[in-house]
Amino acid sequence: MKNNPEQRIAELGLDLPTAPKPMGVYKPVLIVGNLLYVSGQGPLQSDGTLIKGRVGDDLSLEQGKHAARQVGLAMLSTIKANIGDLNNIKRLVKTLGMVNSSADFDMHPAVINGFSELISEVFGEEN
């Protein structure tokens, strides 16, 4: 079965936030050969606000996972705004995730997994 992320987003009832407008001179996406690189994204919500706080202080592990998922939705929105159709994306090659956390918090991979789970739901586990 062909991967169809646009259809999966609709089936899952996902709400992509509006892609943020670039500020400064950076490019939100850059295509080199057949690879698309996405600049840093934040946990943007559909209402345009950001999820703020530190995991382990202000946010629980589950809230941190939700924030990481929102980063994924913002990233998908940014990609879609810049290339048009997410069906042109074949697979995720690399993820770099950063977690704002308290000094004693040590479950960073579990937080970033919120992003990974979203990408798996949209593109398929193998991609």
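Mentor: Let us begin with the surface. The accessible surface of the protein comes to about 8,100 Å², and carbon and sulfur atoms hold 54% of that area. Please keep in mind that this is a predicted model.

Trainee: What share of the 127 residues counts as buried?

Mentor: A residue is called buried when its relative accessible area is under 20%, and exposed when that area is over 50%. In this protein, 32% of the 127 residues count as buried.

Trainee: How do I judge the overall dimensions?

Mentor: One may compare the radius of gyration with the value for a compact globule. For 127 residues that value would be near 14 Å, and the protein has 15 Å, which agrees. Along the principal axes, the C-alpha atoms fill a box of roughly 40 × 40 × 30 Å.

Trainee: How many helices and strands are there, and in what order do the elements run?

Mentor: The protein has three helices and two strands. Read from the N terminus, the order is α-β-β-α-α.

Trainee: In what sense do strands β1 and β2 pair, and over how many bridges?

Mentor: In a regular strand, side chains alternate between the two faces of the sheet. Here β1 covers residues 29-32 and β2 covers residues 35-38; the two pair in the antiparallel sense over four bridges. Two residues lie between the strands, and G33 takes a positive phi near 65°.

Trainee: What fraction of the contacts links residues 24 or more positions apart?

Mentor: Contacts with a sequence separation of 6 or more are taken as the total, and 75% of these join residues 24 or more positions apart. F105 and D57 are 48 residues apart in sequence, yet their C-alpha atoms are 8.8 Å apart in space.

Trainee: Is F105 buried or exposed, and which residues is F105 in contact with beyond its neighbours within four places in sequence?

Mentor: F105 has a relative accessible area of 14%, so it is buried, the cut-off being under 20%. Leaving aside neighbours within four places in sequence, F105 is in contact with V55, G56, L61 and V111.

Trainee: Are M98 and P109 buried or exposed?

Mentor: M98 lies in the loop between α2 and α3, and its relative accessible area of 73% makes it exposed. P109 is found in helix α3, residues 108-123; P109 is exposed too, with a relative accessible area of 64%. M98 and V111 are 13 residues apart in sequence and 9.4 Å apart in space, C-alpha to C-alpha.

Trainee: How many charged side chains are there, and how far apart are the centres of the two sets?

Mentor: The protein has 12 positive and 14 negative side chains. The centres of these two sets lie 10 Å apart.

Methods:
Residues are numbered from 1 along each chain as its sequence is written. This is a predicted model: local features need pLDDT of at least 70, side-chain atom pairs count only at pLDDT 80 or more; totals for chains, interfaces and linings use all residues. Side-chain values use heavy atoms; hydrogens and water are left out. The radius of gyration is taken over C-alpha atoms; the globule rule is 2.2 Å times the number of residues to the power 0.38. Buried means under 20% relative accessible area, exposed over 50%, partly exposed in between (1.4 Å probe, protein chains only). Contact means heavy atoms within 4.5 Å. Accessible areas come from the Shrake-Rupley method with a 1.4 Å probe; for residues, only the protein chains shown count as cover. Lys and Arg count as positive and Asp and Glu as negative; His and the chain ends are not counted. The place of a charge is taken as NZ of Lys, CZ of Arg, CG of Asp or CD of Glu. Two strands pair if DSSP finds at least two bridges between them.
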